[in-house]
Amino acid sequence: MSSTGSFLNTGSLVIGAMPRRTISLCFESMDLARIIDSVLRRSTSPPSGSESHIALGKWGEDEASRHLKRIGWKILRRNFRAPGGGEVDLVCRDHDTLVFAEVKTRRSEELGRPLAAVDRKKQQLIRRGALYWLRLLEMPDITFRFDVVEVLATDPVEIRVIESAFTLPDPLRY
(Lines give C-alpha, C1' and ligand atoms only; values in the text may rest on other atoms or scores of the structure.)
Protein backbone atom coordinates (compact mmCIF):
# COMPACT_ATOMS: atom_id res chain seq x y z
CA MET A 1 0.00 0.00 0.00
CA SER A 2 1.28 3.50 -0.79
CA SER A 3 0.59 6.83 0.85
CA THR A 4 -1.70 7.88 -2.02
CA GLY A 5 -4.09 4.97 -1.94
CA SER A 6 -4.42 1.26 -1.69
CA PHE A 7 -3.78 -1.43 -4.24
CA LEU A 8 -5.40 -4.78 -4.74
CA ASN A 9 -3.13 -7.37 -6.30
CA THR A 10 -5.08 -10.05 -8.16
CA GLY A 11 -2.26 -12.09 -9.66
CA SER A 12 -0.96 -10.17 -12.67
CA LEU A 13 -3.72 -7.53 -12.45
CA VAL A 14 -3.18 -4.61 -10.10
CA ILE A 15 -6.15 -2.42 -9.28
CA GLY A 16 -5.47 0.92 -7.60
CA ALA A 17 -7.93 2.76 -5.43
CA MET A 18 -7.69 6.45 -4.61
CA PRO A 19 -8.23 7.50 -1.00
CA ARG A 20 -11.71 8.78 -0.21
CA ARG A 21 -12.18 12.28 1.07
CA THR A 22 -14.46 12.70 4.02
CA ILE A 23 -17.35 15.05 3.40
CA SER A 24 -18.99 16.59 6.41
CA LEU A 25 -22.03 18.79 6.54
CA CYS A 26 -22.40 21.40 9.24
CA PHE A 27 -25.92 22.24 10.33
CA GLU A 28 -24.87 24.25 13.41
CA SER A 29 -26.49 27.48 12.26
CA MET A 30 -29.44 25.88 10.43
CA ASP A 31 -32.73 24.65 11.79
CA LEU A 32 -33.19 21.15 10.28
CA ALA A 33 -36.98 21.42 10.21
CA ARG A 34 -36.71 24.70 8.27
CA ILE A 35 -34.32 23.11 5.76
CA ILE A 36 -36.63 20.13 5.18
CA ASP A 37 -39.64 22.45 4.83
CA SER A 38 -37.78 24.57 2.29
CA VAL A 39 -36.79 21.54 0.20
CA LEU A 40 -40.33 20.15 0.24
CA ARG A 41 -41.85 23.50 -0.71
CA ARG A 42 -39.43 23.85 -3.60
CA SER A 43 -40.64 20.58 -5.08
CA THR A 44 -44.38 21.08 -4.56
CA SER A 45 -45.06 24.83 -4.64
CA PRO A 46 -46.00 26.45 -7.94
CA PRO A 47 -43.60 28.99 -9.39
CA SER A 48 -44.23 32.59 -8.42
CA GLY A 49 -46.43 34.77 -10.59
CA SER A 50 -43.37 36.57 -11.96
CA GLU A 51 -41.94 33.36 -13.40
CA SER A 52 -42.77 32.31 -16.95
CA HIS A 53 -45.72 30.25 -18.09
CA ILE A 54 -43.10 27.68 -19.19
CA ALA A 55 -42.02 27.23 -15.55
CA LEU A 56 -45.66 26.94 -14.48
CA GLY A 57 -46.30 24.34 -17.19
CA LYS A 58 -43.27 22.26 -16.18
CA TRP A 59 -44.33 22.43 -12.54
CA GLY A 60 -47.85 21.32 -13.56
CA GLU A 61 -46.47 18.36 -15.53
CA ASP A 62 -44.38 17.35 -12.51
CA GLU A 63 -47.46 17.54 -10.25
CA ALA A 64 -49.59 15.62 -12.76
CA SER A 65 -46.94 12.89 -13.08
CA ARG A 66 -46.71 12.48 -9.31
CA HIS A 67 -50.51 12.34 -9.03
CA LEU A 68 -50.88 9.76 -11.81
CA LYS A 69 -48.17 7.57 -10.27
CA ARG A 70 -49.96 7.79 -6.90
CA ILE A 71 -53.17 6.50 -8.45
CA GLY A 72 -51.34 3.58 -10.05
CA TRP A 73 -50.53 4.77 -13.55
CA LYS A 74 -47.15 4.13 -15.16
CA ILE A 75 -45.52 7.08 -16.90
CA LEU A 76 -43.92 5.75 -20.10
CA ARG A 77 -42.66 9.03 -21.56
CA ARG A 78 -42.82 12.74 -20.84
CA ASN A 79 -42.86 15.39 -23.55
CA PHE A 80 -42.94 13.03 -26.51
CA ARG A 81 -42.29 14.90 -29.76
CA ALA A 82 -42.92 13.26 -33.10
CA PRO A 83 -41.43 14.33 -36.41
CA GLY A 84 -43.87 16.58 -38.24
CA GLY A 85 -45.09 18.41 -35.17
CA GLY A 86 -46.92 15.85 -33.07
CA GLU A 87 -46.60 16.24 -29.31
CA VAL A 88 -47.86 14.50 -26.20
CA ASP A 89 -47.16 15.76 -22.67
CA LEU A 90 -47.47 12.36 -20.98
CA VAL A 91 -47.66 8.89 -22.47
CA CYS A 92 -48.97 6.61 -19.70
CA ARG A 93 -50.42 3.23 -18.98
CA ASP A 94 -53.57 3.00 -16.89
CA HIS A 95 -53.85 -0.76 -16.32
CA ASP A 96 -54.27 -2.18 -19.86
CA THR A 97 -55.00 1.16 -21.52
CA LEU A 98 -52.44 3.37 -23.21
CA VAL A 99 -53.14 7.02 -22.34
CA PHE A 100 -52.00 10.08 -24.25
CA ALA A 101 -52.43 12.90 -21.75
CA GLU A 102 -52.30 16.65 -22.19
CA VAL A 103 -51.51 18.59 -19.01
CA LYS A 104 -52.96 22.07 -18.65
CA THR A 105 -51.95 24.17 -15.66
CA ARG A 106 -53.57 27.39 -14.52
CA ARG A 107 -53.24 29.60 -11.46
CA SER A 108 -57.03 29.93 -11.26
CA GLU A 109 -60.19 29.26 -13.24
CA GLU A 110 -61.04 32.95 -13.63
CA LEU A 111 -60.59 32.69 -17.39
CA GLY A 112 -62.22 29.27 -17.66
CA ARG A 113 -61.23 25.67 -17.09
CA PRO A 114 -57.84 24.46 -18.31
CA LEU A 115 -59.67 21.87 -20.47
CA ALA A 116 -61.02 24.71 -22.61
CA ALA A 117 -57.46 25.44 -23.81
CA VAL A 118 -57.28 22.05 -25.53
CA ASP A 119 -58.85 23.29 -28.73
CA ARG A 120 -59.14 21.55 -32.10
CA LYS A 121 -55.61 22.62 -33.16
CA LYS A 122 -54.07 21.30 -29.92
CA GLN A 123 -56.03 18.05 -30.22
CA GLN A 124 -54.65 17.63 -33.75
CA LEU A 125 -51.06 17.94 -32.46
CA ILE A 126 -51.73 15.41 -29.71
CA ARG A 127 -53.39 12.98 -32.15
CA ARG A 128 -50.44 13.31 -34.54
CA GLY A 129 -48.01 12.48 -31.72
CA ALA A 130 -50.15 9.57 -30.55
CA LEU A 131 -50.46 8.08 -34.03
CA TYR A 132 -46.71 8.32 -34.49
CA TRP A 133 -46.23 6.53 -31.12
CA LEU A 134 -48.63 3.81 -32.24
CA ARG A 135 -46.76 3.44 -35.56
CA LEU A 136 -43.55 2.96 -33.55
CA LEU A 137 -45.34 0.10 -31.82
CA GLU A 138 -46.38 -1.17 -35.27
CA MET A 139 -50.03 -0.25 -34.65
CA PRO A 140 -50.78 -2.86 -32.01
CA ASP A 141 -54.29 -3.93 -31.18
CA ILE A 142 -54.36 -1.90 -28.00
CA THR A 143 -56.94 0.18 -26.20
CA PHE A 144 -55.95 3.82 -25.94
CA ARG A 145 -57.53 7.12 -25.07
CA PHE A 146 -56.85 10.85 -24.93
CA ASP A 147 -57.07 12.42 -21.47
CA VAL A 148 -56.59 15.94 -20.21
CA VAL A 149 -55.09 16.52 -16.78
CA GLU A 150 -56.06 19.85 -15.26
CA VAL A 151 -53.70 21.24 -12.62
CA LEU A 152 -54.80 24.26 -10.62
CA ALA A 153 -51.95 25.98 -8.78
CA THR A 154 -54.11 26.82 -5.79
CA ASP A 155 -53.62 26.08 -2.11
CA PRO A 156 -54.09 23.15 -1.95
CA VAL A 157 -53.21 22.11 -5.50
CA GLU A 158 -56.17 20.67 -7.36
CA ILE A 159 -55.68 17.98 -10.02
CA ARG A 160 -58.48 16.59 -12.20
CA VAL A 161 -58.15 13.84 -14.80
CA ILE A 162 -60.68 14.10 -17.61
CA GLU A 163 -60.66 10.65 -19.19
CA SER A 164 -61.49 10.35 -22.90
CA ALA A 165 -61.55 14.13 -23.24
CA PHE A 166 -61.52 13.71 -27.03
CA THR A 167 -61.20 10.89 -29.57
CA LEU A 168 -59.81 10.20 -33.02
CA PRO A 169 -62.07 11.31 -35.87
CA ASP A 170 -63.92 8.44 -37.56
CA PRO A 171 -61.68 8.23 -40.66
CA LEU A 172 -58.62 7.76 -38.40
CA ARG A 173 -60.01 5.00 -36.20
CA TYR A 174 -58.29 1.66 -36.50
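Here are some numbered notes on the structure above, which is a predicted model.

1. **Overall layout.** Start with the big picture. The chain has 174 residues, and 32% of them count as buried. Its secondary structure comes to 3 helices and 7 strands, and reading along the sequence you get β-β-α-α-β-β-β-α-β-β. On contacts, take those with a separation of 6 or more: 51% of them join residues 24 or more positions apart.

2. **Helix H2.** Which of its residues are buried? The list is Leu56, Trp59, Gly60, Glu61, Glu63, Ala64, Ser65, His67 and Leu68, so if you look at side-chain class, note that Glu61 and Glu63 count as charged. After the helix comes Gly72, with a positive phi near 100°.

3. **Helix H3.** Buried here are Lys122, Gln123, Ile126, Arg127, Gly129, Ala130, Leu131, Trp133 and Leu134. As a reminder, an α-helix has 3.6 residues a turn, so residues three or four places apart point the same way. You can follow that kind of spacing from Lys122 to Ile126 and on to Ala130 and Leu134, each of them buried. What do the buried residues of H3 pack against? Five strands: S3 (74-81), S4 (87-94), S5 (97-106), S6 (143-152) and S7 (158-166). Just after the helix, Glu138 has a positive phi of about 60°.

4. **The largest pocket.** Its volume is about 270 Å³. What is the make-up of the lining by class? It has 9 charged residues, 3 polar and 3 nonpolar.

5. **Thr105.** This residue lies in strand S5. Is it buried or exposed? Thr105 has a relative accessible area of 8%, which is under the 20% cut-off, so it counts as buried. Setting aside neighbours within four places in sequence, its contacts are Leu56, Gly57, Trp59, Gly60, Glu61 and Val151.

6. **Arg78.** Over in strand S3, Arg78 is partly exposed, at 31% relative accessible area. Beyond its neighbours within four places in sequence, it is in contact with Lys58, Glu61, Asp62, Ser65, Asp89 and Leu90. Leu90 is 12 residues away in sequence, yet the two C-alphas are 4.7 Å apart. Glu61 also turns up among the contacts of Thr105.

7. **Aromatic rings.** The structure holds 6 aromatic pairs. One of them joins Phe144 and Phe146, edge-to-face, with 5.9 Å between the centres and 90° between the planes. How do the two partners sit? Phe146 is buried, with a relative accessible area of 2%, whereas Phe144 counts as partly exposed at 22%. Ring pairs also link Phe100, Phe144, Phe146 and Phe166 into a cluster.

8. **Backbone spots to check.** Most residues other than glycine have a negative phi, and most peptide bonds are trans. A few places here go the other way. Asn79, in strand S3, has a phi near 55° and is partly exposed at 32% relative accessible area. Ser164, in strand S7, has a phi near 50° and is partly exposed too, at 45%. Where is the cis peptide bond? It runs from Asp155 to Pro156, with omega near 5°, and Pro156 sits in the loop between S6 and S7.

Key:
Residues are numbered from 1 along each chain as its sequence is written. This is a predicted model: local features need pLDDT of at least 70, side-chain atom pairs count only at pLDDT 80 or more; totals for chains, interfaces and linings use all residues. Side-chain values use heavy atoms; hydrogens and water are left out. Buried means under 20% relative accessible area, exposed over 50%, partly exposed in between (1.4 Å probe, protein chains only). Helices (H or I, at least four residues) and strands (E, at least two) are DSSP runs, numbered from the N terminus. Contact means heavy atoms within 4.5 Å. On a 1 Å grid over the protein atoms alone, a cavity is a set of points where a 1.4 Å probe fits but cannot get out, and a pocket is an open set with protein on both sides within 12 Å along at least five of seven lines; lining residues have an atom within 4 Å of a point. Grid points are joined across faces, edges and corners, and a volume is the space filled by probe spheres set on the points. Rings of Phe, Tyr and Trp (its six-membered ring) pair if their centres lie within 6.5 Å; planes under 30 degrees apart count as stacked, over 60 as edge-to-face and the rest as tilted.
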